[in-house]
Amino acid sequence: MSLKLAFVASERPEALAACASLRARYGQADSPDVVVALGGDGWLLETVHAYFRDGLPIFGMNRGSVGFLLNHYEEDGLIERIENAERTLISPLHMRATTGDGEVHEALAFNEVSLLRQTHQSAKLRILIDGTERLEELICDGAMLATPAGSTAYNLSAHGPIIPLTAQALALTPISAFRPRRWRGAILPHTAEVRFEVLEFDKRPVAASADTFEVRHIRSVEVSEAPDLSATILFDAGNGYDERVMAEQFTS
């Protein structure tokens with residue numbers, strides 16, 4: 001029995017055109033076995049958030065720009081590609097952010113939880129790992145905790161480490177750190193519970209983001225892995241996530 005596919009596309013014209021062409025060729029299932037996402041890495045992330053609770057695997061094809069988490073676009077042989085694809089499970093981070101007025105907001109992040117200053121003034125953050133203070137004061141533009149899947153996204157742009165999925169680790173990375181100037185971040189076990197406290201939060205406002213969900217004027221943020229939740233991303237055989245991570249570390 002052939003796989004039933006559902007195609008979803010970003011608003012990019014090339015993604016919409018590809019979606020229409022693929023729907024005409026393969027159909028559009030109401031109850032699919034696999035969701036095919038057409039766009040860039042950001043769209044793939046939105047698709048994961050939309051479908052992971054239904055247990056549907058996501059096969060992405062690049063109709064965007066970078067496309068690190070996406071397969072190349074090709075209409076021919078799509079069913080065979082998906083049937084032979086490598087399955088990669090990714091677990092999200094759970095963010096619990098408390099604002100200055102005491103409101104609590106919770107969200108999931110498959111890429112990273114990031115904190116960013118809201119004004120021209122640097123943020124001042126205190127960082128605790130598993131209840132132990134590790135940095136009394138980090139003066140910076142922000143900081144993030146990235147999953148292995150997110151380590152090649154914003155984390156890499158901020159000069160954080162690339163982490164293979166099998167490493168079972170998280171990347172704690174500063175964004176434009178001023179003090180301590182030489183601190184470059186840390187690699188943490190995936191079981192770590194990280195707490196960010198915003199010092200002078202009323203004078204130096206900070207926003208927190210879990211992927212695309214943002215909370216402003218935060219006082220503190222607690223982040224830990226949600227091991228009971230996961231999403232499945234499909235990669236072409238022989239070009240899985242671990243291979244991409246390895247290749248990325250040897251590019252200039």
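Analyst: Both faces of strand 3 are covered, with Ile 58, Gly 60 and Asn 62 buried on one side and Phe 59 and Met 61 buried on the other. Buried means under 20% relative accessible area, exposed over 50% and partly exposed in between, with a 1.4 Å probe and protein chains only. In a regular strand, side chains alternate between the two faces of the sheet. Strands (E, at least two residues) and helices (H or I, at least four) are DSSP runs, numbered from the N terminus.

This is a predicted model: local features need pLDDT of at least 70 and side-chain atom pairs count only at pLDDT 80 or more, while totals for chains, interfaces and linings use all residues. Residues are numbered from 1 along each chain as its sequence is written, and side-chain values use heavy atoms, leaving out hydrogens and water.

Next, the pairing. Strand 2 (residues 34-39) runs parallel to strand 3 and is joined to it by 5 bridges; two strands pair if DSSP finds at least two bridges between them. Gly 39 has Asn 62 as its bridge partner in strand 3. Between strand 2 and strand 3 the chain passes through helix 2 (residues 41-51), and this β-α-β crossover is right-handed: with the strands pointing away from the viewer, the path from the first strand over the helix to the second runs clockwise. Strand 3 also pairs in the parallel sense with strand 17 (residues 231-235), over 2 bridges. There, Leu 234 of strand 17 stands opposite Phe 59.
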